[in-house]
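The structure is shown first.

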Amino acid sequence: RGCDLLLHAGDLFERRSTPLERAAAADWISDVAKSMPVVMVRGNHDHLDEHDLWPRLRTLHPVSTHERMGLEVVSGVAVGCMAWPRKANVDSAGVDAREAMRAALRGLGDMLERHDGPRILLAHAMVRGSRTSTGQELIGSELELGLEDLALARADLYALGHIHAHQSWDVAGAPAIYPGSPRRANF
């Protein structure tokens, strides 16, 4: 379809993966990477270090994964990557988790601004005001971010994972999108 880049915003697996699931994921990622680079972040259902395998695959195009935060410049696009924040990683030295996430988004925004071209924030994050597939608003998550927090990254697009129902917002003139799941996974 003429795509230049595939972004995966986490939760490749529902729980700790099995060897069979990892083999199926490796086949899918290898197939996609025949046509375009792949950038992935870890989701809340993905266990630490499960994505170490993907960059090692022999593929025509690169595959990169982020367990925490980082920046990739691929196909002329700067991608600020933010994996699901683990409270143990962000709650240190008495700083609350949300403020630590805001500081990280400011840092990603500084890195993204140095790029002269399209800038994307790829994040597995809980956005305040998100709704489930039944229409219920999710409230009270300790690790949630508001749209004003996402804006700290100063991106042209906010590609989000975590909520399985499609929804979108405007963040300072840029789209913020949960694309949703291709099929319902939880009931």
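The sections below treat helix geometry and then aromatic contacts.

## Basis

The model is predicted.

## Helix H3

Helix H3 covers residues 97–113, 17 residues in total.

The buried residues of H3 are Ala97, Met101, Arg102, Leu105, Leu108, Gly109 and Leu112. Viewed down the axis of H3, these buried residues fall within an arc of 135 degrees, so they line one face of the helix. An α-helix has 3.6 residues a turn, so residues three or four places apart point the same way.

## Aromatic pairs

Searching the whole structure gives two aromatic pairs. In one of them, the ring centres of Phe13 and Trp54 lie 6.5 Å apart with the planes at 40 degrees, so this pair is tilted. Phe13 sits in the loop between strand S1 (6–8) and helix H1 (19–32), while Trp54 sits in the loop between strand S2 (38–41) and strand S3 (63–66). The two residues are 41 residues apart, and their pair links distant parts of the chain. Phe13 has 6% relative accessibility and therefore counts as buried. Trp54, at 0% relative accessibility, also counts as buried.

Trp169 and Tyr178 form an edge-to-face pair, with 5.7 Å from centre to centre and 70 degrees between the planes. Trp169 has a relative accessible area of 21%, so this residue is partly exposed; buried means under 20%. Tyr178 counts as buried because its relative accessibility is 0%.

Terms used: Residues are numbered from 1 along each chain as its sequence is written. This is a predicted model: local features need pLDDT of at least 70, side-chain atom pairs count only at pLDDT 80 or more; totals for chains, interfaces and linings use all residues. Side-chain values use heavy atoms; hydrogens and water are left out. Helices (H or I, at least four residues) and strands (E, at least two) are DSSP runs, numbered from the N terminus. The expected span of a helix is 1.5 Å times one less than its number of residues. Buried means under 20% relative accessible area, exposed over 50%, partly exposed in between (1.4 Å probe, protein chains only). The arc is that of the directions from the helix axis to the C-beta atoms. Rings of Phe, Tyr and Trp (its six-membered ring) pair if their centres lie within 6.5 Å; planes under 30 degrees apart count as stacked, over 60 as edge-to-face and the rest as tilted.
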